[in-house]
Amino acid sequence: MKKVELIDVSKSYDKQVDVISNIDVTIEPGEFFVLVGPSGCGKSTMLRMIAGLEEITGGIIEIGGKRANHLSPDKRDLSMVFQNYALYPHLTVQQNITFGLDVKKVKKAVQAERANEVAEMLGLTGYLKRKPRELSGGQRQRVALARAIVSEAPICLMDEPLSNLDAKLRAHMRMEIRRIQRKLGITMIYVTHDQVEAMTMGDRIMILHEGKIQQVGKPIDIYNYPANPFVATFIGSPPMNICPARAEPTKSGVFVEDTIHVPLNEEQLVASSARSLLAGIRPEHIKPLVSGTESGNRIQVVVTNVEILGNETVFSFQIGQREWMAKWSGQWDIAIGDHVPILLSSEYFCVFDEETGELIRKPEGLEHLSIAKEVIL
Amino acid sequence: MRDSTLKKVWIYFLLTVTSFLVFFPVLYAFMISFMSGSEILQGRFFPEAFNFDNYAKVFDRLPLFKYLLNSFVVSLTVMVGQLAVCSLAAYAFVFIPFKGRDLVFFLFISTMMIPWEATMIPNFFTIQKLDWLNTYQGMSLPFFALAFGTFLLRQHFKTIPKELQEASQIAGLSRFAFFWKVILPVSKTSLVTLGAYGFLTTWNMYLWPLLITTNSSVRTVQIGLKQLQSQEISTDWGVVMAGVIVVIIPTLLLLFIGQKQLQKGLSQGALK
C-alpha cells in the first residue's frame with residue numbers, strides 16, 4: 001500500500017490562469033480519501049494529474065515516496081474507475097476484467113483464477129461470458145470495479161463512479177466499495193460532487209473550490225467545524241444558514257440580523273473587531289421553543305415553506321432579508337403562514353470573517369451521542 | 001386493422017414498382033445474356049430459351065478468369081491499403097494531439113475537392129518513372145490514401161469515449177496496441193463500410209487500369225468488357241451482357257455479405 005503526496009501542485013492551461021493551485025496534501029497508505037467539490041472545481045483534473053493523464057505544471061507529486069511527475073500512467077502502480085466505466089464494448093466481461101493482466105503478460109491460468117476470484121467478490125460470476133451492452137448499469141459499474149481490483153494495484157482512483165446509478169443502487173455500492181477497500185487495504189482516492197458520498201465513505205475528505213483546497217479533515221470534523229462559509233454551505237443538507245453579523249465589542253459579542261446575540265471570548269473579539277462578519281447555524285440546531293426552555297434567542301417566525309420527509313420536517317422562514325431553514329426530527333404539523341416560536345441557541349453559531357472566510361468562532365455544545373459498550377439486553 | 005393492411009399493400013406495391021425501375025437495366029442485361037443476336041434485334045424482353053451459349057463464348061473469347069483474378073487482386077489490395085492508411089491517419093487525427101492537427105486535417109479533407117482526373121497525368125508519370133506500368137502496385141498504390149475514408153473513420157473514432165484510451169494507458173497499452181486491440185474492433189462497422197466502398201470503386205474503375213495496362217497480364221474485367229464491345233464490327237450484345245453479368249456477381253455478393261455485417265451494430269454499449 002502506497003502513500004501519495006502532492007507538494008504545492010498547480011495546473012494551468014496555456015500557461016495562463018491556474019485552474020488548480022497550491023495543493024499540498026499527503027494521502028496515507030490504505031486511506032480512503034475523498035475529493036469533493038462543486039462541478040468545475042478541479043477535482044477531476046487533480047485525480048487525472050495523480051493518474052498521469054494530465055501533466056502537472058507546477059509542484060511535485062510523489063507516489064510511494066518516489067517522485068512521479070513524469071511517470072507514464074502505467075508506471076504509477078494504480079488503477080482507475082471512470083465515471084462512464086470505460087468498458088471495452090467488444091470484449092466479454094471476463095476479457096474486460098483481465099485486459100490489464102493480459103497487457104502485463106500474466107499467464108492465462110492465473111488470469112482466469114484472479115478474474116473468478118474478483119467476479120465472486122462482486123457477484124459477477126454468472127455474467128463473465130456476456131458483453132457490456134448486455135448488462136445493466138449497476139453490473140457494468142461492478143465490472144469496472146472488478147477491472148480495477150483485479151490489477152492488485154496499491155492505489156485505486158475513482159472518478160465519480162456512482163453518478164450514473166439510481167439512488168438505491170448508489171447507496172448499496174457505497175457500502176460495497178467501502179467494504180472492498182477495507183478488505184484489500186488499498187489506498188483509495190475518490191472524486192465525487194455528492195456530499196453524502198464524501199461524508200459516508202471518506203476516512204478524510206478534501207473540499208475543493210475553484211482549484212483551491214478549502215479544508216481537509218475527517219468528515220465529522222468538517223461538518224462540525226467548517227473552515228469557511230463555503231465549506232459550511234457545501235457540506236450538510238439543507239445547508240447551513242449564513243447571514244451577515246455585526247461585531248459589538250461593548251456587548252462582548254456579535255449581533256446577527258440585529259436581533260440574535262452571540263457572545264465571543266476575548267481572543268475572538270480581537271479577531272472580529274472592525275471586520276465584516278458572517279454568522280451561521282445548522283438547520284438542525286434551530287430548536288422548537290417549548291415552555292421552560294432556558295435562556296437563548298427566542299424569536300417568532302413565519303413559515304414560508306414546509307417539507308415533511310417522514311422522519312424529519314424541514315421548513316423555511318424569513319429573518320431579515322434572508323431565508324433560513326430549520327430541520328426538526330419527527331413529523332411536525334406546520335403549515336405555510338404559521339407563526340412558529342423558535343430557539344436560536346447562541347452556542348451553536350459559527351462566526352466567520354467575511355473577507356478571508358476564516359472561522360473565528362467554533363460552534364460549541366455539539367452533542368456527541370454514544371452507547372454504552374456493555375451489553376444491555 | 002383494415003387500414004393498416006391497405007397501407008401495407010400500397011407500400012409494397014410502391015416498393016415493387018420502384019425496385020423494378022431501379023433494377024430494370026440489370027434485369028434486361030440478364031435477359032439479353034441468354035438471347036441470340038436475332039432475338040435481341042427483335043427487341044424482346046424474355047428470351048425464347050435460357051441457353052448458356054453466350055457465357056461459353058465470353059470465356060472463350062477473353063481470358064475472363066485471368067481478368068477476374070486481376071480485378072480481385074487489385075481491388076483487395078486497394079481495400080486493404082485504404083483500410084490501413086485511412087485508419088492510421090484517422091487514429092492520429094483523433095487520438096494523438098499535435099500542433100496544427102486541425103489545419104492538417106482541413107488540408108487533407110480539401111483534397112476531396114480536386115477531381116481525380118486532374119491528378120491522373122502526374123500520377124501516370126510517377127508510375128511510369130517507377131517502371132510500374134503493367135504491375136499490380138501501379139494499379140493499386142495511387143488509391144491508398146483516401147481523404148473520404150479518413151474522414152469517415154475519423155467521425156467514427158470521435159464517438160469512441162476518450163476514457164477508453166485513458167483506461168488502456170493506465171493498463172499500460174502502447175499507442176499502437178490500443179489502436180489494434182481496441183479501436184479497430186470497436187470500429188468494425190465503419191471499417192466494413194469503407195472496405196466495401198473501396199473494393200467496389202476499384203472493381204468498377206475503368207480509366208486508370210486502361211491507362212497503365214498495355215497487355216492482358218494485369219488487365220481488369222472492366223477493360224475486358226470494353227474489349228468485347230469493340231472487337232468486331234457489329235457488337236454481339238448477348239456476349240457482352242453475359243460478361244457484364246459475370247462481372248457484377250462478385251460485387252453483389254460482397255454487398256450482401258457486407259450488409260449483414262453493417263446491421264450488426266457492434267458499437268453499442270460502450271457507455272453506461
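This note covers a chain contact, a helix pair and a sheet in a predicted model.

1. Start where the two chains meet. On chain B, 20 residues are in contact with 25 residues of chain A. Two helices of chain B, α9 (162-171) and α10 (175-186), each supply at least two residues of the side that touches chain A. The largest share, seven residues, comes from α9(B). By type, this side of chain B has twelve nonpolar, five polar and three charged residues.

2. Next, look at two helices of chain A. The axes of α2 (residues 93-103) and α3 (residues 108-122) come within 10 Å and cross at roughly 130°. The crossing is right-handed.

3. Which residues make the contact between these helices? From α2(A) come A:Gln94, A:Ile97, A:Thr98, A:Leu101 and A:Asp102. From α3(A) come A:Gln111, A:Arg114, A:Ala115, A:Val118 and A:Ala119. Five of the contact residues are nonpolar, three are polar and two are charged.

4. Now the sheet of chain A. Strands of a sheet pair through backbone hydrogen bonds, either parallel or antiparallel. Here six strands form an open sheet in the order β6-β7-β8-β3-β9-β10, and the pairing is mixed. At the edges lie β6 (78-81) and β10 (212-217) of chain A, each pairing on one side only. From one strand to the next, the twist averages 15°.

5. Strand β9 (residues 204-209) of chain A pairs with β10(A) in the antiparallel sense, over five bridges. A:Met206 stands opposite A:Val216 in β10(A).

How values were computed. Residues numbered from 1 in each chain as written. Chains lettered and ligands numbered in written order. Predicted model: local features only at pLDDT ≥ 70, side-chain atom pairs only at ≥ 80, totals over all residues. Contact = placed C-beta atoms within 7 Å. Helix = DSSP H or I, 4+ residues; strand = E, 2+ residues; numbered from the N terminus. Nonpolar A, V, L, I, M, F, W, Y, C, P; charged D, E, K, R; others polar. Axes fitted to C-alpha atoms, helices over the stretch in contact; angles between N-to-C directions. Left-handed = near helix turned anticlockwise from the far one by under 90°. Pairing = 2+ DSSP bridges.
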